[in-house]
Each structure stands twice: as structure tokens, then as C-alpha cells.
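Please read it alongside the sequence and the model.

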Amino acid sequence: MKYVLEEEYDYDFKLIGISCHDKDYRLCWAINQKLKFNLEKEDKDLEILSDNPFEGSSHSMYSYFDEEDQNEFFLIGNRDGTGYLIPEQRQADFVLLVKEALPSDLTPMVDKLKEIELILTAFNISVDALKSKKNLIF
């Protein structure tokens, strides 16, 4: 008899895709100004491993924990020189991952992001529809 261990992950976060041709640190600064966040660069990038040792990717990551609302925010680069964090969302240069203490509608946040001059567009991404959502578990 053979047993197979299947892992079930809890995807308890929401995603906002951001199209922006500027550098990550400039986008981070603009988001901090507009949304009154304090996103800071993580010491290590988010590493996505592949079965092939010559493949895989590294994505810049900024984080912010809102003490008042107990929400966590992560600004992550979607592309690097070798691949995409979320290949199904190639139009997104960055993703804003939101872990909320109390679920809410992110539409007002998306609207505020669209007001930032550096941002070409911002949009909600359905986590359930993503094949590569396991890349967002860290």
C-alpha cells in the first residue's frame, strides 16, 4: 500500500496587481506616501526554487505591519531576470499581498493606488484562480 501526503495550504490573503515601470524602491516610497504605510525592504529577497537548479527566481520584497488594524502588507516584485513570481499575471510588475485580520473590500485601496502617478494601473487578482499561488506561501 502506498500513501501520498497532500498538503493543503490556507491562502488567507488578497492580492493587488500593480503595473509600474519604475524601480521597486520608488514605487515603495510612493505607496508609503499615499497610503500612509511604512513598507521597508526585507533583508532577503523571496526565492522561488525550481526542479532545475539553473532555474528559479529571486523577487524583491518590502513589508509593513499595521499595528492598529493588525494587517500585514507585502510589496513583491513579480518579475526578475529569469522568471515571474506569478506567470499568469505577466502584466503585473509588482503584487501587493494583503493579510487582513478582518476581511474587507480592497477596492478603496486599489482606487488610491491608481491615483499614484508612477502606477499605470492597479487591479484585484483572484488568488483562487492562480495556478502558481503556492509561490506566495512564505
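Lys134 is exposed, because its relative accessible area is 52% and exposed means over 50%, buried under 20% and partly exposed in between (1.4 Å probe, protein chains only). Lys134 sits in the segment after strand 8. The model is predicted: local features need pLDDT of at least 70, side-chain atom pairs count only at pLDDT 80 or more, and totals for chains, interfaces and linings use all residues. Residues are numbered from 1 along each chain as its sequence is written, and side-chain values use heavy atoms, with hydrogens and water left out.

**The segment after strand 8**

- The C-alpha atoms of Lys134 and Glu72 are separated by 18 Å, and the two residues are 62 residues apart along the chain.
- Val127 is also found in the segment after strand 8 (121-125); helices (H or I, at least four residues) and strands (E, at least two) are DSSP runs, numbered from the N terminus.
- Val127 has 7% relative accessibility and therefore counts as buried.
- Leaving aside residues up to four places away in sequence, Val127 touches Tyr11, Phe13, Lys14, Leu15 and Lys133, where contact means heavy atoms within 4.5 Å.

**Nonpolar cores**

- A nonpolar core is a set of buried Ala, Val, Leu, Ile, Met, Phe, Trp, Tyr and Cys residues joined through side-chain atoms within 4.5 Å.
- The largest nonpolar core has 25 residues, and Ile18, Ile31, Leu75 and Leu113 are those with the most contacts inside it.
- Two or more residues of this core come from each of strand 1 (14-19), helix 1 (24-35), strand 5 (61-66), strand 6 (71-77), strand 7 (94-99) and helix 2 (107-114).
- Helix 1 gives the largest share of this core, five residues.
- Ile31 touches Ile18, Lys36, Phe37, Leu39, Leu75, Leu113 and Ile116, again not counting residues up to four places away in sequence.
- A second, separate core has 17 residues, including Leu15, Ile86, Leu97 and Val127.
- In soluble globular proteins, nonpolar side chains tend to be buried together.

**Helix 1 against helix 2**

- Helix 1 and helix 2 pack at an angle of about 120°, and their axes are 10 Å apart. Axes are lines fitted to C-alpha atoms, for helices over the stretch in contact, and angles run from 0 to 180 degrees between N-to-C directions.
- The two helices are therefore oblique to each other; angles under 35 degrees count as roughly parallel, over 145 as roughly antiparallel, 65 to 115 as roughly perpendicular and the rest as oblique.
- The crossing of helix 1 and helix 2 is right-handed: a crossing is left-handed if the near helix is turned anticlockwise from the far one by less than a right angle, and right-handed if clockwise.
- Helix 1 makes the contact through Ile31, Lys34 and Leu35, and helix 2 through Met109, Lys112 and Leu113.
- By class, this contact has four nonpolar, no polar and two charged residues. Ala, Val, Leu, Ile, Met, Phe, Trp, Tyr, Cys and Pro count as nonpolar, Asp, Glu, Lys and Arg as charged, and the others, Gly among them, as polar.

**Loop residues with positive phi**

- Lys36 lies in the loop between helix 1 and strand 2 (40-41).
- Phi of Lys36 is near 60°, a positive value in a residue other than glycine.
- Lys36 counts as exposed because its relative accessibility is 66%.
- Gln70 is found in the loop between strand 5 and strand 6, and its phi is near 65°, a positive value in a residue other than glycine.
- Gln70 is partly exposed, with a relative accessible area of 42%.

- Pro103 is in the loop between strand 7 and helix 2 and counts as exposed at 70% relative accessibility.
- Thr107 lies in helix 2 and counts as partly exposed at 34% relative accessibility.
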